[in-house]
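Thanks for coming. I will go through the packing in this structure, part by part, and give the cut-offs along the way.

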Amino acid sequence: MRLALSLSALVFALLLASLSLGYAPLPPSTVLRGVVGAGDPLHVMVMQQIRLPRTALAALVGAALGLSGAAMQGYLRNPLAEPGLIGVSGSAALGAVIALQTGLAAAFALALPLMALLFALGAVALILLLAGPRGGSLTLILAGIAVSALAGALTSLALNLSSNPYATFEIVFWMMGSVADRSLSHLALAAPLVALGGAVLLTLGRGLDALTLGEDGAQALGVSMTALRLKLLFGTAAAVGAATAVAGAVGFVGLVVPHLLRPLCGARPSRLLWASALGGAAMLLAADIAVRLVLPERDLKLGVVMALIGAPLFLHLIYKTRRGG
Amino acid sequence: MAGAAAADGAGPARVVSLNVCTDQLALLLAAPGQLVSVSPLAHDPRSSAMAHEAAPFPANHAHAEEIALLEPDLVLAGNFTARAATDMLDQLGYRVERFNPANSLADVRDNIARMGTLLGREAEADTLLARFDARLAALSDAPETRPVVAYYLPFNETAGVQSLTGEILAAAGMANISEARGLPYGGRLPLEELVLAQPDMILVGQPYDSPAQATALLQHPVLRATGTLHEIPDGQNWICGTPFVLDAVEAMRDLRRDWEATQ
């Protein structure tokens with residue numbers, strides 16, 4: 001309970017900070033009135049149409065990534081499982097790029113998140129198939145590297161074939177992710193699917209707790225492994241797919257956040273699920289604030305900041321795994 | 001008359017152009033038969049103001065091998081086009097002339113004059129320059145109030161005063177937002193700062209057919225919500241330092257007069 005309160009307070013504080021800190025300095029009173037639609041119409045426009053979607057998307061994407069990271073790690077009982085690392089985000093990005101470049105996304109708006117979902121689904125299924133329910137580290141990582149590399153290469157190919165001269169720069173965006181200058185329509189596109197996927201993932205708590213006793217133990221407790229696997233598959237694909245479709249592939253959140261929060265959750269996957277959702281939201285909000293505070297004139301990518309935080313932690317994790325034998 | 005210039009020995013007989021801007025200058029000035037091949041972009045009405053005139057000319061793709069097989073006497077390139085290919089052609093002994101992108105209306109005049117000299121068509125270049133000067137003078141009026149405009153580009157960039165775009169806007173009697181913000185060469189202007197600065201007009205180019213995040217920025221709903229957004233329909237006139245920039249100046253002058261009428 002204490003953990004829930006402190007994490008919620010942290011997310012709330014970061015939401016306020018993200019709304020208050022923009023490229024243009026606005027006093028806090030203007031910020032708050034602007035968000036609720038009062039005061040100078042100009043400030044209302046900036047707050048509601050520029051800063052609000054950015055802040056909300058950062059929180060949403062972070063929550064989706066943190067939650068699905070925790071769920072995958074719980075199911076595979078492997079701390080290396082993470083949507084960015086094992087190619088789920090990259091595949092979702094590929095789906096989104098194909099939807100955009102073929103004009104499917106222009107034909108009907110939902111094509112973008114649905115294609116991302118479809119590709120994410122394919123990637124999650126492939127990973128689960130290759131790694132098996134016990135999730136051996138080596139097969140998992142090898143499969144993840146292969147899926148990531150293939151998705152990245154195909155994304156680059158699709159963009160290279162584009163007739164838009166800026167498409168080449170786009171590769172960086174899809175590999176790194178960003179929530180800069182997104183609009184409310186992006187938010188409306190992603191939020192329902194992320195909420196749906198998140199809701200499915202949050203129901204997995206009991207099953208994942210039982211799974212810590214091993215597969216036989218879980219089944220003895222009446223947990224259906226097939227149902228668990230299907231829910232994980234769909235929940236992760238929906239949440240990560242929709243998040244990636246609007247923000248690109250942001251890495252490391254799903255890896256780092258559950259890793260940081262696991263000691264505070266007493267190794268209970270059910271607690272780790274919602275804690276990682278809140279923690280992911282907090283981490284991505286903080287990273288997006290850093291993007292705007294450090295070198296604001298250079299438009300740093302979210303993925304760069306996340307990788308700078310995530311990579312050392314990842315190395316630490318590998319080092320610990322090695323020592324553990 | 002075909003190949004007259006070449007027959008006189010006054011200019012190169014076979015000219016190949018690798019850049020959409022040198023394509024158009026050459027199309028304007030070359031003698032019939034003198035220009036052999038243009039870049040693929042010359043055929044694209046979105047990039048080239050002379051797509052129709054360029055249509056009969058086959059396109060080359062700036063590969064050294066392909067250009068060499070065309071046996072050119074003169075290769076025209078932009079300073080930044082296909083560096084590897086033009087360096088290779090240099091080494092193979094072909095005459096390669098590189099043009100800097102025009103950053104001002106004066107550069108446009110210089111490029112026209114230089115193209116005339118290179119092609120052995122000085123007289124045609126002089127005629128073109130005289131018409132250019134006369135039309136620019138006719139277009140320039142001194143308005144009492146100049147609207148503050150922001151020419152907004154992909155990647156949150158804004159066009160500076162000291163650029164071809166900036167000079168087109170100035171010649172049309174507009175004030176550039178980048179001047180007040182201390183960005184003479186243009187630079188980064190975050191979306192929220194642009195909206196808060198409340199320029200009288202926000203100008204953006206037309207969207208490409210295929211999407212990119214960099215250009216999606218220009219379709220952000222907040223730009224439309226300002227009520228000052230204007231899409232520039234004739235982007236091809238703004239890209240190159242050719243006499244067509246004056247079409248852009250005229251369109252902007254008309255836009256400015258429409259704005260004055262509403263004040």
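Domain bounds, to begin with, come from an automatic or database domain assignment. For chain B that assignment gives domain 1 (4-137) and domain 2 (148-262). Before going further, the conventions: residues are numbered from 1 along each chain as its sequence is written, and chains are lettered from A and ligands numbered from 1 in the order in which they are written. This is a predicted model, and local features need pLDDT of at least 70, side-chain atom pairs count only at pLDDT 80 or more, while totals for chains, interfaces and linings use all residues.

Back to the domains. The centres of domain 1 of chain B and domain 2 of chain B, taken over C-alpha atoms, are 28 Å apart. Their contact takes 20 residues from domain 1 of chain B and 16 residues from domain 2 of chain B; two residues are in contact if their C-beta atoms, placed from the backbone, lie within 7 Å. On the domain 1 side, α2 (20-29), α6 (105-119) and α7 (122-139) of chain B each supply at least two residues. Helices (H or I, at least four residues) and strands (E, at least two) are DSSP runs, numbered from the N terminus. By class, that side of domain 1 of chain B has 11 nonpolar, 6 polar and 3 charged residues. Here Ala, Val, Leu, Ile, Met, Phe, Trp, Tyr, Cys and Pro count as nonpolar, Asp, Glu, Lys and Arg as charged, and the others, Gly among them, as polar.

Next, the sheet. Chain B has an open sheet of 4 strands in the order β2-β1-β3-β4, with parallel pairing; two strands pair if DSSP finds at least two bridges between them. The edge strands are β2 (35-37) and β4 (96-99) of chain B, each pairing on one side only. From one strand to the next, the twist averages 30°. Strands β1 (residues 15-17) and β3 (residues 74-78) of chain B run parallel and are joined by 3 bridges, and Val16(B) stands opposite Val75(B) in β3(B). Across β1, β2, β3 and β4 of chain B lies α2(B), at about 130° to β3(B). Axes are lines fitted to C-alpha atoms, for helices over the stretch in contact, and angles run from 0 to 180 degrees between N-to-C directions.

Now chain A. How do α3 and α13 of chain A pack? Helix α3 (residues 41-76) and helix α13 (residues 253-261) of chain A meet at an angle of about 70°, with their axes 8 Å apart. They are therefore roughly perpendicular; angles under 35 degrees count as roughly parallel, over 145 as roughly antiparallel, 65 to 115 as roughly perpendicular and the rest as oblique. The crossing of α3(A) past α13(A) is right-handed. A crossing is left-handed if the near helix is turned anticlockwise from the far one by less than a right angle, and right-handed if clockwise.

The other pair is helix α9 (residues 184-202) and helix α12 (residues 225-247) of chain A, at about 160° with axes 8 Å apart. α9(A) and α12(A) are therefore roughly antiparallel, and their crossing is left-handed. The residues of this contact divide into 14 nonpolar, 6 polar and 1 charged.

Last, the contact between the chains takes 24 residues from chain A and 23 residues from chain B. On the chain A side, α3(A) gives the most, with 6 residues.
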